[in-house]
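Open the model in your viewer and keep the sequence panel beside it. Each stop on this tour gives something to select and then says what is there.

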Amino acid sequence: MEEVTQAPAAPDTETPAAEPPVVGAPAPSASVCAPLTSLTSLTGDLATWLLTAPITAPNSGGFKEPGGTELAAFEGAFRTLLTEGPTAQVVQDLAKMGYGVSTFRNDSGGGWLVVREQGLLPRGGGTFIINLFPARNLWLEAPHADSDEGTLRQTASQLVTLGARALLITGSNRCAVTTASPCSGTTSVCGTKGLRISDTAHYGNNFFTAAHRALRDTYPDAIAASIHGMDAGDGPEAAVVSDGTGTPRPEALSNRLRDALNTHLAGTKKAFSCNSAEDSGKHRTLCGTSNVQGRIDNGAGDACYSEAPAATDRFIHLEQSATLRGTGASSKAVMQALADTVPCTLAGSGLGCQAVAAQDCP
């Protein structure tokens with residue numbers, strides 16, 4: 001079991017004011033960007049707009065756990081959205097669960113689907129973005145998007161710049177409710193020992209995990225990167241990378257990401273890997289072994305109670321210092337390291353990928 005630490009605010013992070021997107025009237029189109037003419041069409045800077053994703057506050061009671069039937073229905077509808085696009089039926093099915101589907105045209109080009117809670121009574125369910133023209137077989141997750149400060153801005157930028165398949169953003173602060181999570185693992189982040197059910201990284205009965213399952217079923221070979229922050233303190237680590245286990249494996253994908261990070265990092269602090277027998281350090285225990293999404297991807301028998309028996313190299317858990325989550329030169333190291341580690345294998349545009357001119361929204 002891992003000890004999870006609260007990440008401090010990044011001193012060099014400045015959150016820009018998000019400009020409201022321009023809402024355009026739907027127009028008929030044969031493009032993949034708008035296969036359903038009744039969808040609302042948004043335009044603007046996607047990475048900036050995502051900074052306004054709704055996340056319920058600590059101790060607000062703002063997380064409402066969905067029932068098992070509803071979770072299964074959401075997972076099925078999200079999977080259909082991934083495979084068939086926003087058909088009238090899937091949009092209707094998601095609407096019954098409080099989610100709207102919109103298209104988003106980024107100022108820099110590209111097309112996206114945005115799945116977000118709608119209505120006056122949000123349940124802390126999350127915001128999910130699907131890239132219609134991905135360049136990499138990678139998706140990103142921000143399960144602590146507000147409490148691990150800087151990770152919302154960071155993952156939003158990574159989604160656009162890298163050309164990742166999707167981004168999952170939590171809809172609730174990990175301490176939004178006091179109800180304890182039954183899942184194994186421990187933390188003192190919320191002021192008391194133990195996990196809470198509003199922590200999407202450590203409890204599976206939420207729309208965030210349902211979306212993760214749908215993505216994994218649809219893209220079994222894709223890499224899911226769970227992006228976190230840690231209090232590095234006086235430790236030697238700028239980052240701790242793992243494959244969701246603490247098992248040493250020289251060939252682990254996490255070791256490759258560590259090496260890529262150390263190539264681009266400046267300063268004395270370096271990246272460490274939980275899957276390298278040679279690495280050690282003050283925060284070496286932050287290996288993501290209790291992360292529910294990692295347990296799912298690594299084949300745990302019960303993702304709530306059991307650690308994964310082995311790694312599949314389909315999941316990456318990344319803990320970062322405040323400096324890496326900021327906006328300075330070191331923050332660019334993470335973007336470049338991910339680009340180096342996950343190659344351009346799809347037809348879309350992304351950092352270091354050959355541009356495909358025809359792939360854009362009308």
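**Before you start**

This is a predicted model, in which local features need pLDDT of at least 70 and side-chain atom pairs count only at pLDDT 80 or more, while totals for chains, interfaces and linings use all residues. Residues are numbered from 1 along each chain as its sequence is written, and side-chain values use heavy atoms, with hydrogens and water left out.

**Stop 1: the whole chain**

Show the chain as a cartoon. Its secondary structure comes to eight helices and 13 strands. Helices (H or I, at least four residues) and strands (E, at least two) are DSSP runs, numbered from the N terminus. Of the 362 residues, 58% count as buried. Buried means under 20% relative accessible area, exposed means over 50%, and partly exposed is in between (1.4 Å probe, protein chains only). A contact means heavy atoms within 4.5 Å. Among contacts in the chain with a separation of 6 or more, 72% are between residues 24 or more positions apart.

**Stop 2**

Select residues 99-106, which are strand E4. Seven of the eight residues in E4 are buried. Two strands pair if DSSP finds at least two bridges between them. Leu 42 has Phe 104 in E4 as its bridge partner.

Gly 100 stands opposite Arg 116 in E5. The hairpin of E4 and E5 has four residues between the strands, and Gly 109 there takes a positive phi near 105°.

**Stop 3: strand E7**

Select residues 138-142, strand E7, where five of five residues are buried. Which way do the residues of E7 point? Leu 138, Leu 140 and Ala 142 point one way, Trp 139 and Glu 141 point the other way, and all are buried.

E7 runs parallel to strand E10, with four bridges between them; Leu 140 has Ala 225 in E10 as its bridge partner. Four bridges also join E7 to strand E8 (residues 166-169), again in parallel, and Glu 141 stands opposite Leu 168 in E8.

Stay on Leu 138. Leaving aside neighbours within four places in sequence, its contacts are Leu 162, Ala 164, Arg 165, Ala 166, Ile 223, Ala 225 and Val 342.

**Stop 4: the nonpolar cores**

A nonpolar core is a set of buried Ala, Val, Leu, Ile, Met, Phe, Trp, Tyr and Cys residues joined through side-chain atoms within 4.5 Å. The largest one has 44 residues, and those with the most contacts inside it are Leu 46, Leu 50, Ile 129, Leu 138, Leu 159, Ile 169 and Leu 261. Helix H8 (residues 331-341) gives the largest share of this core, six residues. Apart from this core lies another, of 32 residues, including Val 115, Leu 132, Ala 214 and Phe 315.

**Stop 5: helices H8 and H6**

Select H8, in which eight of eleven residues are buried. Among the buried residues of H8 are Ser 331, Met 335, Leu 338 and Thr 341. Their cover includes helix H4 (151-162), H6 and strand E13.

Move to H6 (residues 253-264). Its twelve residues reach 17 Å from first C-alpha to last, close to the 16 Å expected at 1.5 Å a residue; the expected span is 1.5 Å times one less than the number of residues. The buried residues of H6 include Leu 253, Asn 255, Arg 258 and Leu 261.

**Stop 6: aromatic rings**

Rings of Phe, Tyr and Trp (its six-membered ring) pair if their centres lie within 6.5 Å; planes under 30 degrees apart count as stacked, over 60 as edge-to-face and the rest as tilted. By this rule there are eight aromatic pairs. Select Phe 74 and Phe 78: their ring centres are 5.9 Å apart and their planes at 20°, so the pair is stacked. Both lie in helix H2 (residues 68-84), four residues apart, about one turn of the helix.

Tyr 99 and Phe 128 are also a stacked pair, with 6.0 Å between centres and 25° between planes. Tyr 99 is in E4 and Phe 128 in strand E6 (residues 127-131), so this pair ties together parts 29 residues apart in sequence. Finally, select Phe 74, Phe 78, Tyr 99, Phe 128 and Phe 207, which form one aromatic cluster.
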